[in-house]
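Hello,

Here is the structure I promised to pass on. Please open it first, then read the notes below.

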Amino acid sequence: MEEPDAARPPSRLARLLSALFYGTCSFLIVLVNKALLTTYGFPSPIVLGIGQMATTIMILYVSKLNKIIHFPDFDKKIPGKLFPLPLLYVGNHISGLSSTSKLSLPMFTVLRKFTIPLTLLLEAVILGKQYSLNIIFSVLAIVLGAFIAAGSDLAFNLEGYIFVFLNDIFTAANGVYTKQKMDPKELGKYGVLFYNACFMIIPTVIISVSTGDFQQATEFSHWKNVLFIIQFLLSCLLGFLLMYATVLCSYYNSALTTAVVGAIKHGRWFKILLFNTEQPIKT
């Protein structure tokens with residue numbers, strides 16, 4: 001699968017399908033991860049993330065060996081071309097995990113919407129992209145609507161606010177820099193995916209081992225449960241698909257479009273559905 005000609009604008013169908021693919025993957029991985037982390041009580045979201053990164057590396061490397069896809073071989077210029085994506089992803093992952101446990105769901109939903117205006121701002125600053133007033137007002141309306149929806153739950157938690165705003169910044173910056181790094185003449189979308197996962201997995205493993213998180217995961221009681229293992233592997237596969245879908249959506253659309261589609265999965269109706277139906281499995 002070669003990179004399409006960079007000079008040829010993507011079709012409207014390609015932009016639409018890539019956005020739908022990203023939204024679908026986002027929806028499915030939340031369902032599977034909630035089952036693993038809440039219903040089964042798996043203690044380590046970080047180890048789950050490591051499994052998703054390892055799956056991404058294996059699938060892309062095997063695909064490259066079989067000439068299904070193409071991306072450049074590693075050389076000493078790769079880290080410079082990729083920087084700062086691995087740092088942004090790790091920061092996004094850690095701040096996201098920290099913020100979800102410290103805020104109510106309605107307030108978390110409100111503050112995560114700030115990813116959208118931040119993405120718009122960073123696209124203007126970093127990519128030099130300009131948006132019409134209609135789009136700017138639409139983005140402001142999304143944020144205002146989120147505040148109104150959660151107006152009855154404005155509990156103050158300074159630590160939670162700090163973590164979720166950091167998460168917004170990391171998410172927006174990651175989306176914009178991903179768009180910037182996907183030049184087919186450089187790394188291309190597959191190169192960005194592969195080398196980003198390679199560089200991310202090392203510090204994530206170190207964090208997991210040093211914090212005792214990895215040991216908790218290895219001592220988990222459900223490793224002999226076939227259904228749990230199937231869902232764990234499914235999460236790893238969906239993690240790869242989500243990373244690919246994120247890059248694909250940003251490749252065919254803008255980082256702002258990806259941010260808006262990603263915000264859909266934080267919708268209030270979806271959280272009510274998840275948290276009213278989950279029941280923990282007793283060990």
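**Salt bridge**

The structure holds one salt bridge. Aspartate 73 and lysine 64 form it, and their closest N and O atoms are 3.2 Å apart. Keep in mind throughout that this is a predicted model.

The two partners sit in different accessibility classes, as the next two values show. Aspartate 73 is exposed, at 54% relative accessible area. Lysine 64 has 19% relative accessibility and counts as buried. The cut-off for buried is under 20%, so lysine 64 at 19% falls in that class.

**Overall fold**

The chain has 13 helices and zero strands. Read along the sequence, the pattern is α-α-α-α-α-α-α-α-α-α-α-α-α.

There are 283 residues in the chain, and 46% of them count as buried. The accessible surface comes to about 14700 Å². Carbon and sulfur atoms account for 68% of that surface.

Now the contacts. Take those in the chain with a separation of 6 or more: 87% of them join residues 24 or more positions apart.

**Helix packing around H11**

- The crossing is right-handed. On the H2 side, the residues in contact are Val47, Leu48, Gly51, Gln52, Met53, Thr55, Thr56, Ile59 and Leu60. On the H11 side they are Phe232, Ser235, Cys236, Leu237, Gly239, Phe240 and Met243.
- H9 (residues 188-210) and H11: the angle is about 145°, and the axes are 10 Å apart. This crossing is right-handed. H9 brings Lys189, Tyr190 and Leu193 to the contact. H11 brings Met243, Tyr244, Val247, Leu248 and Tyr251.

Glutamine 231 is found in helix H11 and counts as partly exposed, at 21% relative accessibility. The C-alpha atoms of glutamine 231 and asparagine 33 are separated by 8.5 Å. Along the chain, those two are 198 residues apart.

**Two buried helix positions**

Isoleucine 50 lies in helix H2. At 13% relative accessibility, isoleucine 50 counts as buried. Leaving aside neighbours within four places in sequence, isoleucine 50 is in contact with Ile201, Thr204, Val205 and Ser208. Isoleucine 50 and isoleucine 201 are 151 residues apart along the chain, yet their C-alpha atoms are separated by 6.2 Å.

Threonine 119 lies in helix H6 (residues 115-127). Is threonine 119 buried or exposed? Threonine 119 is buried, with a relative accessible area of 2%. Again leaving aside neighbours within four places, the contacts of threonine 119 are Ala172, Val176, Ala255, Leu256 and Ala259.

**Surface patch**

Leu13, Leu16, Leu17 and Leu20 make a nonpolar surface patch of about 400 Å². Leucine 13 is in helix H1 (residues 12-39). The relative accessible area of leucine 13 is 54%, so leucine 13 is exposed.

**Backbone details**

- The peptide bond from phenylalanine 83 to proline 84 is cis, with omega near 5°. Proline 84 is in the loop between helix H3 (78-82) and helix H4 (85-100).
- Lysine 67 has phi near 60°, a positive value in a residue other than glycine. Lysine 67 lies in the loop between H2 and H3. With a relative accessible area of 73%, lysine 67 is exposed.

Best regards

How values were computed:
Residues are numbered from 1 along each chain as its sequence is written. This is a predicted model: local features need pLDDT of at least 70, side-chain atom pairs count only at pLDDT 80 or more; totals for chains, interfaces and linings use all residues. Side-chain values use heavy atoms; hydrogens and water are left out. Patches are made of residues with over 30% relative accessible area and no salt bridge: like charges are joined within 9 Å, nonpolar side chains (Val, Leu, Ile, Met, Phe, Trp, Tyr) within 5 Å. Accessible areas come from the Shrake-Rupley method with a 1.4 Å probe; for residues, only the protein chains shown count as cover. A salt bridge is a side-chain nitrogen of Lys or Arg within 4 Å of a carboxyl oxygen of Asp or Glu. Helices (H or I, at least four residues) and strands (E, at least two) are DSSP runs, numbered from the N terminus. Buried means under 20% relative accessible area, exposed over 50%, partly exposed in between (1.4 Å probe, protein chains only). Contact means heavy atoms within 4.5 Å. A crossing is left-handed if the near helix is turned anticlockwise from the far one by less than a right angle, and right-handed if clockwise. Axes are lines fitted to C-alpha atoms, for helices over the stretch in contact, and angles run from 0 to 180 degrees between N-to-C directions.
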